[in-house]
Amino acid sequence: MAVTATAAGFALAVPMGAPASAQLNPTVLKRLNLDAATLSKVRAYDRYRTETAEQRSDAERALSFARRQIGKPYRWGATGPSSYDCSGLAMAAWRRAGVRLPRVTYSQYRSVKRKVGLGALRPGDLVFFHGRSHVGIYVGHGRFLHAPHTGARVRIDRLGGARKRQFAGAVRPGAPAKQTFSPSIRELVDKIDRMAAQDREARRKPPDKQRTPHLPPPDDTPVHHAGKPPANTPAHPAAQAPRSDGTSNHLMPGRPDRDPAPRPRHVRPAAQKPHHANTGHASTGHANAHHAGAQHPDANQPDAHEAVKHQASPPHGDAGDGPRSGSGWRSWTPFAHSKTMKAPGHIPG
């Protein structure tokens, strides 16, 4: 039974072999999300290559057993262990590998389904000569191992020109039937193998102990060091330094969500306030100043003089306190007698 597959524009006959369990990673197959036709070809190629790999392993065991028989004598009809004939040696070798073969050469050729040409020989293949009446085991590099004839011993001979002319066919015991797959399917299966190997490596890889651990976000709470006052205490320089915008560093109690009220601005001396004309206050201030000077004999002392001056100075200046910058008047009296003051009660009597 055979199916037809298309590759590179031409049809290929693909004979179906015996089913075998697929070795592909099901997780990777699901990840690739292949269509049904491609998935069927992928699984068929996987079964084929799995059986091929198993056959090569069996061939190595059969060939290893046959090499150990080198030097034993040929005896017609013998199957070992002390002597062999040609078909008996081939049967015994493959039986050690788990493959059962018929006793005689003609049956051995017919029973094995996988036929092989002279140019496609692999180690372990059975090669037949003289119309399939003689059989040997191919060992590679153009040589084969066999029990030649009566009076000879098991040995390895070269597959030369004479033997090639006697060549009557070859078979590959334990191998699946020949199948042909497109290069795209083989490349796809190789890709699946690589992805599966990467997944296995990721699972076997131990955790990286040198990886930087996850650090939590920094805490806003200041850290208090021994010997240093906390930043929010009055002793700390940062707590005493005023803010650049002129506001307080402390929030108002009970209102943490609002900015604090600004501090009151410094009140400069009374001389910078607007000058108000008050003749009564001015005269009274002068009189009080003279009386205060007369009553205190120690006015020449700095402390006493400052105290008297503070008591005698009116809050809005005096008429005789000297010229003011930008006013144009040298004293209060000329200003008061000028026409500038027209309100009654401002002109001194």
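Asp-35 caps the N-terminal end of helix H2, with a side-chain oxygen 3.3 Å from the backbone nitrogen of Ala-37. The model is predicted. The chain holds 10 helices and 8 strands. Of its 349 residues, 30% count as buried. Take contacts between residues at least 6 apart in sequence: 55% of them join residues at least 24 apart.

H2 has 32 residues, which should span 46 Å at 1.5 Å a residue. The C-alpha atoms at its ends are 47 Å apart, in agreement with that figure.

How do H2 and H6 cross? Their axes come within 10 Å, at an angle of roughly 80°. H2 is therefore roughly perpendicular to H6. On the H2 side, the contact is made by Thr-38, Lys-41, Val-42, Tyr-45 and Arg-49. H6 contributes Ile-185, Arg-186, Leu-188, Val-189, Asp-190, Ile-192 and Asp-193. By class, the contact has 6 nonpolar, 1 polar and 5 charged residues. In an α-helix there are 3.6 residues a turn, so residues three or four places apart point the same way.

Asp-46 also belongs to H2, which runs over residues 36-67. Is this aspartate buried or exposed? Its relative accessible area is 0%, so Asp-46 counts as buried, the limit being under 20%.

**Two buried loop residues**

Arg-172 sits in the loop between strand S8 (167-171) and helix H6 (183-204). Its relative accessible area is 5%, so Arg-172 is buried. Which residues does Arg-172 touch beyond its neighbours within four places in sequence? They are Gln-55, Val-112, Arg-114, Val-116, Ala-120, Leu-121, Arg-122 and Asp-125. One of these, Gln-55, falls within the H2 range of 36-67. Arg-114 is 58 residues from Arg-172 in sequence, yet the two C-alpha atoms are 5.5 Å apart.

Val-154 occupies the loop between strands S6 (143-146) and S7 (155-158). At 2% relative accessibility, Val-154 is buried. Leaving out residues up to four places away in sequence, Val-154 is in contact with Gln-69, Ile-70, Gly-71, Lys-72, Leu-89, Leu-145, His-146 and Ala-147. Val-154 and Tyr-74 are 80 residues apart in sequence, with 6.7 Å between their C-alpha atoms.

The two C-alpha pairs are set out below.

| Pair | Separation in sequence | C-alpha to C-alpha |
|---|---|---|
| Arg-172 and Arg-114 | 58 residues | 5.5 Å |
| Val-154 and Tyr-74 | 80 residues | 6.7 Å |

**Backbone features in loops**

Where is the cis peptide bond? It joins Gly-80 and Pro-81, with omega about -5°. Pro-81 lies in the loop between H2 and helix H3 (86-96).

Arg-132 is not a glycine, yet has a positive phi of about 70°. Arg-132 is placed in the loop between strand S4 (126-129) and strand S5 (134-140). With a relative accessible area of 30%, Arg-132 is partly exposed.

His-141 is another residue other than glycine with a positive phi, near 60°. His-141 lies in the loop between S5 and S6. Its relative accessible area is 81%, so His-141 counts as exposed, the limit being over 50%.

Definitions and conventions. Residues numbered from 1 in each chain as written. Heavy atoms only, no water. Helix = DSSP H or I, 4+ residues; strand = E, 2+ residues; numbered from the N terminus. Buried < 20%, exposed > 50% of the residue type's maximum accessible area, 1.4 Å probe, protein only. Contact = heavy atoms within 4.5 Å. Axes fitted to C-alpha atoms, helices over the stretch in contact; angles between N-to-C directions. Parallel < 35°, antiparallel > 145°, perpendicular 65-115°, else oblique. Nonpolar A, V, L, I, M, F, W, Y, C, P; charged D, E, K, R; others polar. Expected span 1.5 Å × (residues − 1). Polar contact = N/O pair within 3.5 Å; in protein donor to acceptor, adjacent residues only side chain to side chain.
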